[in-house]
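The sequence and the structure are shown first.

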Amino acid sequence: MSRKNPQMSDVPDHTHLPAVAEKSNDALLSHLPLTSVLDAMPDAVGVYDSAGRLVFANGVARRLLGTQQDPAFLNHPPRQRSHAVRLRASDGVPLAHDQSHVKRLLRGETITSEHPIELLFTNLHGRDHYVSITGAPIADAQGTLLGAIAISRDITEQRRRDLTQADLI
């Protein structure tokens, strides 16, 4: 039984499809349910206002922080949140509040996936977590800083594997 290769005429020709107008893209994006998208992400997402107050945390962020222990935690001032989770550099050295990822983002710094920040914190359940953080400031059309978005990936298991392998060497 031989298989016949499809003829070129059997392959759909997408070159003749009409181009989607930019206006249609704008309409689509304007109806995008942003919080639903952020909640569906597999990483922790936090959106901060220009004073560093947390205005949105997706489900992954809430679980990672352990907010079930203190539902009001997300409403605490930035310094109090950092202190409560013992935010520190990945080597365990305490992190000055002005060196936190949120402060850096609110100073206009973009933290890329090529150069993420790795931090260590203790969640409200008392468990240590290593996170790799990226993010960007959020500004309006005139360039006025409105806030920032931070995306945190839990790399705890990866760090534990790395430490275990280093111990074996």
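Arg159 is buried, with a relative accessible area of 19%; buried means under 20% relative accessible area, exposed over 50%, and partly exposed in between (1.4 Å probe, protein chains only). The model is a predicted one, in which local features need pLDDT of at least 70 and side-chain atom pairs count only at pLDDT 80 or more, while totals for chains, interfaces and linings use all residues. Residues are numbered from 1 along each chain as its sequence is written, and side-chain values use heavy atoms, with hydrogens and water left out.

**Salt bridges**

Arg159 forms a salt bridge with Glu118, with 3.0 Å between the closest N and O atoms. Arg159 belongs to helix H6 (residues 156–168) and Glu118 to strand E4, so the pair ties together parts that are 41 residues apart in sequence. A salt bridge here is a side-chain nitrogen of Lys or Arg within 4 Å of a carboxyl oxygen of Asp or Glu. Helices (H or I, at least four residues) and strands (E, at least two) are DSSP runs, numbered from the N terminus. Glu118 itself is partly exposed, at 33% relative accessibility.

The structure holds six salt bridges.

| Salt bridge | N to O distance |
|---|---|
| Asp43 and Arg153 | 2.7 Å |
| Arg159 and Glu118 | 3.0 Å |
| Asp128 and Arg88 | 3.1 Å |

The side chains of Asp43 and Arg153 meet in a salt bridge. This pair links distant parts of the chain, 110 residues apart: Asp43 is in the loop between H2 and strand E1 (44–49), and Arg153 is in strand E6 (residues 145–154). Asp43 counts as buried at 11% relative accessibility, whereas Arg153 counts as partly exposed at 47%.

Asp128 forms a salt bridge with Arg88. That pair also links distant parts of the chain, with Asp128 in strand E5 (residues 128–139) and Arg88 in strand E3, 40 residues apart. In this case the acidic residue, Asp128, is partly exposed at 32% relative accessibility, and Arg88 is buried at 7%.

**The sheet**

Strands of a sheet pair through backbone hydrogen bonds, either parallel or antiparallel. Two strands are taken to pair if DSSP finds at least two bridges between them.

E3 pairs with strand E4 (residues 117–122) in the antiparallel sense over two bridges. Opposite Ala89 stands Leu119 in E4, and opposite Arg88 stands Leu120 in E4.

Leu119 has Val131 as its bridge partner in E5. E4 and E5 form a hairpin with five residues between them, and Gly126 in the turn has a positive phi of about 90°. E4 is mostly covered, with five of its six residues buried.

**The chain as a whole**

The protein chain contains six helices and six strands. Along the sequence these follow the pattern α-α-β-β-α-α-β-α-β-β-β-α. Of the 169 residues, 33% are buried. Contact means heavy atoms within 4.5 Å; of the contacts with a separation of 6 or more, 48% are between residues 24 or more positions apart.

The chain exposes about 11600 Å², of which carbon and sulfur atoms supply 55%. Accessible areas come from the Shrake-Rupley method with a 1.4 Å probe, and for residues only the protein chains shown count as cover. Leu32, Leu34 and Val37 make a nonpolar surface patch of about 250 Å². Patches are made of residues with over 30% relative accessible area and no salt bridge, like charges being joined within 9 Å and nonpolar side chains (Val, Leu, Ile, Met, Phe, Trp, Tyr) within 5 Å. Val37, in helix H2 (residues 34–40), is partly exposed with a relative accessible area of 35%.

**Confidence**

pLDDT is the predictor's confidence in each residue, from 0 to 100. The chain averages a pLDDT of 86, and 84% of the residues score at least 70. Over residues 1–20 pLDDT stays under 50, and for this stretch the model has one contact beyond four places in sequence.
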